[in-house]
Amino acid sequence: MIAAGGADAVNAPCRPDPAEFIRTNMRLAPVPSVPEIRLYTPHPASGLRRLTDPLQGSDADDDTFEADEPEPQPPYWAYVWAGGAVLARQIMDHPQTVAGRRVLDLGAGSGLVGIAAAKAGAREVIAAEIDRNGVAAIGLNAAANDIEITIVDKDITTAPPPPVDLVLAGDVFYGREVALRFIPFLDRCLAAGIEVLVGDPRRNDLPLSRLRLLAEYKVPDFGDAKGAASKPSGVFSFEADNRWR
Ligand SMILES: C[S@@+](CC[C@H](N)C(=O)[O-])C[C@H]1O[C@@H](n2cnc3c(N)ncnc32)[C@H](O)[C@@H]1O
């Protein structure tokens, strides 16, 4: 337990080093719908909870939290989401989408979409991810696939768009709060002349009125039961809001 103040406030077990944890507890495996790419993948004994809850199996009694360290979120980065899978599949099948272009993988998670872009010939790939464990996974996954990615580990949605030609947003509308954060950023990208592609299995908070369907693929989704049939997920172009013109 962490006390509210005094010396005991920081006297708690520390979180494992993310890169070390991933290398030790996850396995490199091909992505089912994009087997050209291998990712560090969890298995039943991975114990991912130990990354977010240090009391799970920790023996580091003397270590401490950094007082200003943000609380980690669930390990979304550890899984392939249908929105990312469908975008990665589209990019591998249509490399001209990214070839020679500067690309931002927004909400990169494992880095799958950015890795696909780099493999398909993007000139430069930036991956934006705010989860420190995801940031470590992106670095390891990029190295495992022999490509280079620049990682931005800060929330770029409040900043001006980076100098890219294309934003790839794989499954970033997974909740209302995040959707409301990403939409204004994507609008600023459009205003700056940046093309935006979205991959999504039509989750509840997807802004469908702003999207034009380009392609569909049946890909597995995070959370699907083993052996369940894959449902179609879409690759969409994010379009300007013309309602007020
Ligand atoms: C649902 S996961 C999708 C991951 C990956 N794109 C895929 O499709 O497999 C969304 C990711 O967005 C990240 N995220 C949420 N808010 C973010 C922000 N403001 N900037 C960058 N990443 C963010 C989360 O940490 C999470 O890893």
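Val219 touches Ser33, Ala82, Ala85, Val86, Arg89, Ser230 and Ser233, not counting residues up to four places away in sequence. Contact here means that C-beta atoms, placed from the backbone, lie within 7 Å. This is a predicted model: local features need pLDDT of at least 70, side-chain atom pairs count only at pLDDT 80 or more, and totals for chains, interfaces and linings use all residues. Residue numbers start from 1 along each chain as its sequence is written.

**Overall make-up**

- The protein has six helices and nine strands. These are DSSP runs, numbered from the N terminus: helices are H or I with at least four residues, strands are E with at least two.
- Of the 245 residues in the protein, 37% are buried. Buried means 20 or more other C-beta atoms within 10 Å of the residue's own, exposed means 12 or fewer, and partly exposed is in between; C-beta atoms are placed from the backbone.
- Among contacts with a separation of 6 or more, 69% join residues 24 or more positions apart.

**Confidence**

- Mean pLDDT is 89, and 86% of the residues reach 70 or more. The score is the predictor's confidence in each residue, from 0 to 100.
- Residues 58-67 have pLDDT below 50. Beyond near neighbours in sequence, this stretch has 15 contacts in the model.
- Residues 1-11 stay under 50 in pLDDT, and the model has nine contacts for them beyond four places in sequence.
- Where pLDDT is low, the predicted coordinates should not be read in detail.

**Ligand shell**

- The ligand is surrounded by 25 residues. A residue counts as near if its C-beta atom, placed from the backbone, lies within 6 Å of the molecule.
- The closest are Trp81, Gly84, Gly107, Gly109 and Gly170.
- Helix H3 (82-93), helix H4 (112-119) and helix H6 (176-191) are the elements that each give two or more residues to this shell.
- By class, the shell has 12 nonpolar, eight polar and five charged residues. Ala, Val, Leu, Ile, Met, Phe, Trp, Tyr, Cys and Pro count as nonpolar, Asp, Glu, Lys and Arg as charged, and the others, Gly among them, as polar.

- The largest nonpolar core has 59 residues. Such a core is a set of buried Ala, Val, Leu, Ile, Met, Phe, Trp, Tyr and Cys residues joined through C-beta atoms within 7 Å.
- Leu112, Ala116, Ala117, Val167 and Leu168 have the most contacts inside this core.
- The core lies between domain 1 (7-75) and domain 2 (77-238), because both give residues to it. The domain bounds come from an automatic or database domain assignment.
- Leu168 is in contact with Leu87, Val103, Leu104, Asp105, Leu106, Val113, Ala117 and Leu197, leaving aside neighbours within four places in sequence.
- In H4, eight of eight residues are buried. Leu112, Ala116 and Lys119 are among them.

- Asp171 is not a glycine, yet its phi is positive at about 55°. Asp171 sits in the loop between strand S6 (166-170) and H6. Asp171 is buried, because 27 other C-beta atoms lie within 10 Å.
- Arg202 also has a positive phi, near 70°, in a residue other than glycine. Its place is in the loop between S7 and strand S8 (211-219). Arg202 has 16 C-beta neighbours inside 10 Å, so it counts as partly exposed.

**Pairs separated in sequence**

- Val219 belongs to strand S8. With 26 C-beta neighbours inside 10 Å, Val219 counts as buried.
- Ala159 lies in the loop between strand S5 (150-152) and S6. Ala159 is exposed, with 12 other C-beta atoms within 10 Å. Its C-alpha atom is separated by 8.1 Å from that of Phe185, 26 residues apart along the chain.
- Ala240 is found in the segment after strand S9 (231-238). Ala240 has 11 C-beta neighbours inside 10 Å, so it counts as exposed. The C-alpha atoms of Ala240 and Asp187 are separated by 6.9 Å, and the two residues are 53 apart along the chain.

Terms used
Two residues are in contact if their C-beta atoms, placed from the backbone, lie within 7 Å.
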